[in-house]
Amino acid sequence: MIQSILLWLAAILAAPFFSGLILKIKAFFGGKKGPPLLINYYTLIKLFKKGSVYSNSTTFVFKLGPVISLAATMTALMFLPIAGHNPIFSFKGDVIFVLYILGLGRFFTIAAAMDTASPFEGMGAAREAYFPIICEAAMFMILIFFYRITGELQLSAYFAGNTTQSMWSSVGAPLLFIVLSFFIILLTENSRVPVDDPATHLELTMIHEVMVLDHSGPDFGLIELGSFCKLIFYSTIISRMILPFESSIFGLPIVLYITGLLVVYVAVGLTESVIARYRMDKVPQFVLTSFALAFFATIITLEFVK
Amino acid sequence: MIFNPVDIILSFVLLSVLFSFGTDRVQVLIKLVGFQGIVISIIPFFIGHDMTTGGTVFTLATLLIRGIIIPLSIFVAIRKGAIRRLVEPIVGYHASILCGLALIIGATYISARLDIVSVSGFKLLEPTAIALLVTGMFLLMARRNAIAMVIGYIMMENGIYLVGSGLSVGTRHIVEFGILLDVLAGVMIMAVILRNIKQTFDDVDTALLRTLKD
Amino acid sequence: MVEIVFAIPFIAGLIAFFLPKFLGRSLLVVIGAVHLTLSFRLWKNHPPAYFDQYFAVTPEGMLSLLVISLLFFLISIYTVGYLRESEIPSEGLFTGSMLVFLATMTMVTLSDHIMVMWIAIEATTLASAPLIYTHRSAASLEATWKYVLICSVGIAMALLGSVLVAFSMGQANSGTPLSFSALAGAAKTLDPVWLKAGFVFVLVGYGTKMGLAPMHTWLPDAHSEAPSPASALLSGVLLNCAYLGIFKTNKIMVAAGLQDFSGGILMVFGLLSILAAATFILKQNEYKRMLAYSSIENMGIIAFGTGVGGLGVYGAVICMLHHSLIKSSLFLSSGNILLGYGDRLIKNTGNLVKGMPRTFVAFFAGFAGIAGFPPFGIFIGEFCIVIAAFKAGFHVAVTVFILSLCVIFAGFANQVMKISFDETDTVIKMKESISMVWPQYLLLLTSLVLCFFIPDSLNQTISDAITAIGGGLK
Amino acid sequence: MLGGFLSLVLARQKTLSRGIAVLLLSGGSLLGLIDSAGKLLNPGEAWTSFNYLDLFSLSFHVDGLSAFFLTAIFAVSMMAAIYSFHYMENEEGGIKNGVNYFFFSMLIASMALVVTAANILTFMLSWEIMSLSSFFLVIYGHESSENRKAGYLYFVFTHIGAMFVLGAFGLIYGHTGSFDFAPMADVPEAVKILIFVLSFIGFGSKAGVFPFHVWLPHAHPAAPSHISAVMSGVMIKTGIYGILRIYAILDFHTPIFGYITLIAGVLSGILGVVYALGQHDIKRLLAYHSVENIGIILIGLGMGMIGAATGNPLVTVLGFAGGILHVLNHSIFKSLLFMGAGMVLHQTGTRSIDALGGLLKGMKITGTTFIIASLAICGLPPFNGFVSEFFIYMGSFKSIPLGSMTFAMSIFAIISLAVIGGLALACFTKVVGVVFQGEPRTKVAENAKEHGVAMMVPMGILAAACVIIGVYPKVFINMALKAVQALGLDYGQVPVEPFGHITGNITFAALLFLVLVLIILGTRSIYYRKKTVTRSGTWGCGFTQPTVKMQYTGSSYAGSILEFFSAAAPLTEDHPPIKGRFPVKTHYHSHVNDIAELHMINAVVRPVLYLFDKLRWMQHGDIHLYIGYILLTIILLLFFI
């Protein structure tokens with residue numbers, strides 16, 4: 001239990017670092033030196049030092065947005081087994097709860113964006129509302145897949161202990177699809193290239209970044225933190241899926257876990273540096289592929305599980 | 001028996017039916033109806049029932065009304081409004097005559113099928129009745145002249161009267177009485193309406209009476 | 001001494017021809033009241049008839065008689081107001097023939113003898129002809145002409161039918177009088193072929209009068225051209241009288257064990273009528289014609305129910321009662337609308353709810369009732385009929401029944417909504433006096449009350465009536 | 001319950017004085033509420049029966065199911081009654097209000113009668129009265145032509161639906177020979193299926209199941225808001241009740257029922273929310289969301305039926321309980337939403353979303369409660385919508401291993417639930433964002449204030465209810481379980497234990513989340529105490545003079561999503577292209593067509609009209625042929641002798 005809590009905190013604290021890693025990689029491929037690895041910590045601290053500017057057209061929802069989205073992601077992390085350890089909390093069906101709590105976070109991010117009456121933020125909000133619909137479908141497809149195998153409805157049943165390992169042994173091939181489709185979901189949900197380009201300079205083409213334009217100071221810090229946590233939430237799952245090995249040697253799981261995370265972030269960085277952002281109307285197809293993959297995988301498993 | 005007054009009379013009636021198909025004059029029609037009226041109202045004398053005095057009086061009254069009053073009333077209606085004397089057929093005269101023949105044959109056939117003879121002993125009674133009925137119907141459907149239609153109605157009634165006259169005594173009088181009353185009142189009302197029609201449209205061509213429709 | 005019930009209005013009617021306006025009107029109401037009381041007394045203590053082989057007090061007759069006198073009383077009250085609002089030529093003739101009409105209809109309900117019944121029904125035709133011609137317009141003349149001619153032809157058919165029924169007695173029981181009760185008694189000995197033939201003719205004949213498709217053709221014209229009180233009488237009670245003839249004949253059929261034959265034919269006619277009504281209600285542009293077609297529909301329903309048998313007959317009788325009440329109220333309201341807007345076309349009316357709120361209430365409530373919504377009784381009737389039809393297993397028939405009811409409702413509702421709510425710039429030409437609204441309210445109220453509570457005595461009468469033709473509750 | 005009726009009857013007389021009416025209505029509903037809730041908490045069955053016309057009997061029977069629906073009905077109607085007090089105040093014409101209240105009370109009474117009716121006749125009677133009274137409430141504003149159209153549509157649909165129900169009942173009576181709602185023993189299965197289909201169509205047309213929902217988006221905006229709240233909140237649920245009741249009567253567990261219900265549910269769910277996205281009229285939008293939620297309920301019920309068919313108690317109870325609980329939840333948050341919309345309408349006078357904006361500043365309570373309700377309707381924790389959806393999810397997952405067909409079905413259900421959730425979220429972010437946030441787009445929206453205590457109190461209460469059920473659903477789940485028991489699924493006493501666990505978990509998680517939020521909020525506020533907070537205009541991304549017109553409107557917000565569903569929701573746009581270098585004036589108008597409506601017109605109405613037009617020549621006015629008819633009839637008939 002204590003261990004789990006520690007891990008939870010660790011994950012939250014480590015989140016910015018890994019996000020920084022991505023920037024580093026992109027810079028590397030761009031042939032630049034790039035920002036320091038701890039860049040995100042600096043930004044956070046700077047932000048928290050600052051004061052805030054609020055638009056006249058905003059209401060309390062605007063202030064509530066960051067808080068709730070952060071809280072949502074943190075709650076989600078609580079249910080996630082990190083490095084194969086049992087999560088802090090877990091109950092039958094917590095997956096659904098987690099997914100919906102993330103949805104709650106999204107609701108408030110969007111609401112906060114709409115609060116500013118800025119056309120660009122509205123645009124971003126519209127996209128933020130649109131793409132995740134397909135993502136959720138894909139997520140639930142994956143969920144069905146897992147349920148099909150484990151017959152359970154909680155994250156701990158998928159990623160804690162040696163369950164993941166046994167999954168590989170039983171239905172290896174489909175799981176590959178799942179990993180892939182989950183990676184796509186990760187890209188979409190965390191608004192990375194090719195779905196969204198956080199680094200672009202043109203607000204018209206952004207999704208997430210444009211929505212938080214008006215947030216400033218600590219609020220913006222909270223939002224940033226929240227997005228880091230969200231990213232690490234997804235990548236934790238993937239890392240567990242690609243390195244599911246269980247061992248009694250102390251610390252080895254952690255190491256494996258971290259390596260997994262590294263792999264994921266590097267992969268993200270790679271995609272960001274090699275692929276350009278899709279046109280907005282292409283994005284749905286891209287996301288749908290993830291759904292298709294998951295669906296395919298599930299259908300295949302019908303054969304395996306029989 | 002070979003010689004049978006009733007059948008002879010009835011054959012006259014059938015003849016009149018044919019005429020009524022062929023004619024194009026209203027007066028002729030009216031005369032025919034009057035003739036039929038007289039003829040069929042004397043039939044009860046010849047049908048084998050024993051005639052009570054009351055019955056006799058009643059039959060005479062029938063004769064009076066059918067044979068004289070009704071035709072006269074229509075004549076009156078005509079003279080009142082100097083109605084055009086043509087019946088304006090929808091079905092042409094020759095076709096009508098053919099129809100008439102067909103009707104009579106059909107009538108005989110039908111009456112042969114339903115053995116009414118068992119009820120009344122005369123061969124021609126039922127065919128004539130049916131023929132009259134259908135003729136009346138035919139006139140009602142095939143003549144645009146309102147008077148011709150009224151006459152058709154009367155013919156129908158005559159037919160029914162004939163059918164009724166086949167009934168046994170006990171129930172006959174009330175039937176005849178009813179029919180008589182009905183024809184009388186009905187024709188009176190119709191005559192009134194005729195006159196009104198004449199006044200309103202100064203014509204009795206029912207083609208004018210087609211405004212009410214959906 | 002039963003005959004007095006129709007003797008009084010007859011004589012009064014003859015008198016009324018020559019009375020001045022005011023006296024005539026008051027006479028109308030007075031006779032209505034007298035008639036009402038008389039028929040109630042008749043109902044309470046069945047006195048023997050003087051000509052007992054021609055007249056008798058039968059439960060089904062009593063039902064119609066009660067409806068008739070109640071309706072006539074209320075309608076006569078309305079008529080007084082109506083005559084005040086509208087000017088019609090030769091009012092004496094109008095009131096007189098109203099009364100004679102009443103007399104003849106009463107005679108129908110009381111007659112037990114086939115021929116007398118027939119004479120009475122024909123008499124109703126003749127007595128009501130002047131009513132239709134009241135307005136002296138070309139259209140009304142045409143309507144009258146068609147009414148008289150078609151009905152007379154039909155009735156002639158009925159006469160033939162009666163004669164054939166008489167034939168069916170054959171030589172065997174030539175002694176028995178031609179009264180329905182006697183025939184029903186001796187039904188088993190009757191010759192089925194003649195009986196069937198007779199029934200067919202009677203059905204077609206009285207069906208013409210009752211407004212069953214395809215013999216209904218005179219009905220919309222007559223109802224739309226007649227002044228509203230007359231239309232109310234026509235559709236409220238005249239149709240019932242014709243139905244009575246069929247009902248009584250059907251009684252013989254049932255007694256003779258031919259109910260399948262008669263029932264089948266009745267159901268077919270019922271469905272035909274409902275379909276015909278649906279056809280013409282859907283795109284109707286005159287409200288009085290619409291109401292007339294709705295009468296056809298209801299007659300169809302009644303015939304259908306009678307044909308179904310069992311609980312259906314009960315439903316049919318209930319439908320008959322409530323249809324009389326509601327439909328007559330509707331016609332009276334339509335009379336108000338006609339006076340108010342001075343136009344028969346639906347498109348020239350509108351926004352009744354603002355223009356004539358009182359009439360609107362009566363009209364819309366009546367519509368709801370006719371459409372089979374509780375708390376009005378037709379709901380119960382239709383319910384019973386449908387249920388019974390399913391019970392008897394006429395699935396196809398009842399499907400057609402239900403679907404066409406839906407169509408009719410759609411059309412009817414559409415028109416009524418137009419009348420009630422559409423914008424219009426017509427100025428209302430009449431003010432709603434008490435005497436021209438309360439009769440409708442009372443009629444509807446009666447229907448409403450009868451929907452929830454039927455006094456036992458009445459209930460007894462109903463069940464007597466229907467058990468005779470195999471109408472059972474279970 | 002009888003007490004409730006008594007005061008309703010009283011209310012009928014005194015309807016002219018608004019206050020008394022409201023008092024009596026709410027009081028009566030309160031009594032009824034207490035009574036039914038009591039019935040629900042300590043299970044007891046109540047019978048009452050009156051002799052009717054000497055041959056039928058009007059009998060009423062309250063079991064778990066009825067009691068559950070009664071609770072919802074009375075709760076919502078009480079709130080609506082209170083709400084109406086201020087809502088109706090500036091309506092002209094006392095008599096009109098009186099009539100309105102008269103039918104309002106009649107509606108409540110008849111709804112209560114419907115869910116307690118214990119035999120066919122009673123049910124039909126109350127059902128029709130319900131339809132009639134609600135129709136009058138719909139055409140309350142009969143001055144405008146679209147309201148009339150709405151009323152007409154509703155009238156026709158409800159009547160045809162009733163006819164279908166009547167047909168189903170007729171079949172039941174025909175085979176059992178009794179009026180009572182008793183489980184049918186020996187009836188051929190084909191007949192049972194037919195009965196189910198008929199009644200499903202009939203009740204579906206009341207409940208607003210796709211494609212019989214056509215009337216719904218017309219009728220609900222037409223009615224006054226508290227009426228829409230009642231209609232959308234509980235009246236359409238009587239349809240659900242009917243389906244459940246019939247299912248219980250049929251006592252025949254075939255998966256077919258489950259499939260029918262589930263597919264209908266999925267269709268209504270997805271299409272409902274898609275159409276909702278396309279709406280500009282806030283009340284129409286809410287109406288379409290009713291369609292969506294009916295869909296969700298049906299998915300739950302369908303799952304339950306499948307479970308029952310495959311003999312899996314857990315799935316069964318999860319499905320049914322989820323569906324039934326969602327009935328209550330939906331009635332709560334939907335009525336709350338309609339009240340909010342009513343407040344907006346009442347204060348700004350417009351229902352068009354794109355004409356509003358920034359209302360949250362003027363209308364704190366309305367805005368907050370509306371947001372809470374939106375969260376609830378999106379099924380987000382920790383609000384009540386989530387609980388029922390959670391149950392349905394559980395049920396669907398549980399039914400995955402039950403065989404291939406069920407597997408397909410449950411995948412279908414789960415995915416569509418997910419999509420529905422996402423779409424609903426999009427839709428309500430749109431509503432909240434465009435109506436309550438941002439800058440006001442019109443003058444009325446700019447200075448819109450709140451008004452009327454009687455309007456705000458119910459909204460507050462309902463919002464509280466949303467949160468309470470969301471955080472502590474145990475009691476309500478038990479209610480739902482009682483209702484499920486009443487279905488007579490031969491499981492006897494439904495075990496409360498496992499579901500107790502589930503609810504416990506939900507409570508726990510919700511609390512956890514709330515605590516977290518509070519912590520962060522607390523730290524944040526403490527942190528901000530010594531911060532400089534300045535206010536300025538929104539960062540216009542380089543635009544120097546941002547105008548309110550530049551805001552993202554609802555249409556543009558939903559545009560891209562609608563494109564995705566354009567197959568099911570064809571979008572007709574009217575947008576003349578901009579001409580010239582200095583474009584003068586242009587306008588944009590879009591409208592989402594309801595395919596159900598289109599096809600209903602093309603496939604049903606037109607043919608019928610055509611057919612009957614062709615028949616009209618019969619009455620052509622020529623007397624000769626009229627007489628011909630008579631002759632023809634006789635000749636034809638003579639053949640049958």
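Predicted model: local features only at pLDDT ≥ 70, side-chain atom pairs only at ≥ 80, totals over all residues.
Student: Let's start with the chains. How do you know that no contact joins chain A and chain B?

Tutor: A contact needs two C-beta atoms, placed from the backbone, within 7 Å. The closest C-alpha atoms of chains A and B lie 56 Å apart, and no contact joins these two chains. For chains A and C the closest C-alpha atoms lie 41 Å apart, and again no contact joins them.

Student: Which chains share the most contacts?

Tutor: Chains A and D do, out of the 4 pairs of chains in contact. On that interface, 56 residues of chain A are in contact with 61 residues of chain D. The elements of chain A that give two or more residues to it are β1 (52–55), α3 (60–78), α4 (94–114) and α5 (119–150). The largest share comes from α5(A), with 17 residues.

Student: What makes up the side of chain A that touches chain D, by class?

Tutor: It has 38 nonpolar, 12 polar and 6 charged residues. Keep in mind that Gly counts as polar here, while Tyr and Cys count as nonpolar.

Student: What makes β1(A) and β3 of chain D a pair of strands?

Tutor: Two strands pair if DSSP finds at least two bridges between them. Here 4 bridges join β1(A) to β3 (residues 533–536) of chain D, so the pair meets that cut-off. The two strands run parallel.

Student: Which residue stands opposite D:Arg535?

Tutor: That's A:Tyr54, with D:Arg535 sitting in β3(D).

Student: Staying with chain A, how do you know that its radius of gyration agrees with that of a compact globule?

Tutor: Set the two values side by side: a compact globule of 306 residues would have a radius of gyration near 19 Å, and chain A has 19 Å, so they agree. The C-alpha trace of chain A spans about 60 × 40 × 40 Å along its principal axes. As for burial, 60% of its 306 residues count as buried.

Student: What is chain A built from?

Tutor: Its secondary structure comes to 12 helices and 1 strand. Of the contacts in chain A with a separation of 6 or more, 79% are between residues 24 or more positions apart.

Student: And chain C: how many helices and strands are there?

Tutor: Chain C has 19 helices and 0 strands. Its radius of gyration is 21 Å, close to the 23 Å the globule rule gives for 474 residues, so chain C is as compact as a globular protein of that length. Its C-alpha trace spans about 70 × 50 × 45 Å along the principal axes.

Student: What share of chain C counts as buried?

Tutor: 70% of its 474 residues do. The cut-off behind that word is 20 or more other C-beta atoms within 10 Å of a residue's own. Among contacts in chain C between residues at least 6 apart in sequence, 83% join residues at least 24 apart.

Student: Where does chain D touch chain C?

Tutor: 42 residues of chain D are in contact with 49 residues of chain C. In chain D, α5 (120–138), α6 (145–176), α22 (595–615) and α23 (623–638) each supply at least two residues of that side. Helix α6(D) gives the most, with 14 residues. By class, the side divides into 29 nonpolar, 8 polar and 5 charged.

Student: How do you know that the span of α7 of chain D agrees with its 19 residues?

Tutor: Residues 189–207 should span 27 Å at 1.5 Å a residue, and the end C-alpha atoms are 25 Å apart, so the two agree. Among its buried residues are D:Ile195, D:Phe196 and D:Leu198. The buried residues of α7(D) pack against α6, α9 (225–250), α10 (255–278) and α11 (282–309) of chain D. After α7(D) comes D:Gly208, with a positive phi near 80°.

Student: Last one: where are the domains of chain D?

Tutor: The domain assignment gives domain 1 (310–521) and domain 2 (603–638). Their centres, taken over C-alpha atoms, are 56 Å apart.

Definitions and conventions
Residues numbered from 1 in each chain as written. Chains lettered and ligands numbered in written order. Rg over C-alpha atoms; globule rule 2.2 N^0.38 Å. Buried ≥ 20, exposed ≤ 12 C-beta atoms within 10 Å, placed from the backbone. Domains from an automatic or database assignment. Expected span 1.5 Å × (residues − 1).
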